[in-house]
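Work through the exercises below with the sequence and the model side by side, and try each task before reading its solution.

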Amino acid sequence: MAVSVEPGSFQERDEAVALIQAQGLFARDGAMGKGDLEDVHWHKTSLRIYLLSGKFETLDVSSDQMLIAGPGDLITIPSETLHAASCPEPAVYVVGFESEDAAKRFRPESRDDYPG
């Protein structure tokens with residue numbers, strides 16, 4: 001599976017949180033500053049990132065495609081998907097996690113430990 005961006009998926013934070021909860025997911029707020037970069041990594045859990053403000057770029061490694069998201073867009077990153085992320089301008093978002101434990105203990109996994 002690949003990283004995807006769905007434009008115009010919601011309009012405000014409360015709506016994003018309601019969508020997360022309706023899917024049985026657990027919400028956690030997040031932010032990245034301008035120029036912040038996450039090198040290629042993966043996660044044991046899938047992520048649904050609802051971008052509230054700013055700009056978020058995600059590189060899907062398998063397709064070598066750069067996906068760009070803005071306010072109101074939903075970024076979906078399936079579990080065990082190699083990707084990288086950067087923010088050309090500060091970004092604020094809400095993330096939907098598969099479990100409460102995943103939301104609390106979330107961390108990127110090293111590319112060196114990739115199981116695929």
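For sorting residues, Ala, Val, Leu, Ile, Met, Phe, Trp, Tyr, Cys and Pro count as nonpolar, Asp, Glu, Lys and Arg as charged, and the others, Gly among them, as polar. The model is predicted, and local features need pLDDT of at least 70, side-chain atom pairs count only at pLDDT 80 or more, while totals for chains, interfaces and linings use all residues. Residues are numbered from 1 along each chain as its sequence is written, and side-chain values use heavy atoms, with hydrogens and water left out.

**Exercise 1. Find the residues that line the second largest pocket, and sort them by kind.**

Solution. Begin with the meaning of a pocket: on a 1 Å grid over the protein atoms alone, it is an open set of points where a 1.4 Å probe fits, with protein on both sides within 12 Å along at least five of seven lines, and its lining residues have an atom within 4 Å of a point. The volume is the space filled by probe spheres set on the points, which are joined across faces, edges and corners, and for the second largest pocket this space is about 160 Å³. Its lining consists of Lys44, Thr45, Ser99, Asp101, Ala102, Arg105, Phe106, Arg107 and Glu109. Sorted by kind, these residues give two nonpolar, two polar and five charged. Helix α2 supplies the largest share of this lining, three residues, where helices (H or I, at least four residues) and strands (E, at least two) are DSSP runs numbered from the N terminus.

**Exercise 2. Locate the salt bridge that Asp101 forms, and describe the setting of both partners.**

Solution. A salt bridge requires a side-chain nitrogen of Lys or Arg within 4 Å of a carboxyl oxygen of Asp or Glu, and by this rule the count comes to four. Asp101 pairs with Arg105, their closest N and O atoms being 2.6 Å apart. The two residues are separated by about one helical turn, because they stand four residues apart in helix α2. For the setting, buried means under 20% relative accessible area, exposed over 50%, and partly exposed in between (1.4 Å probe, protein chains only). Asp101 is partly exposed at 44%, whereas Arg105 is exposed at 63%.
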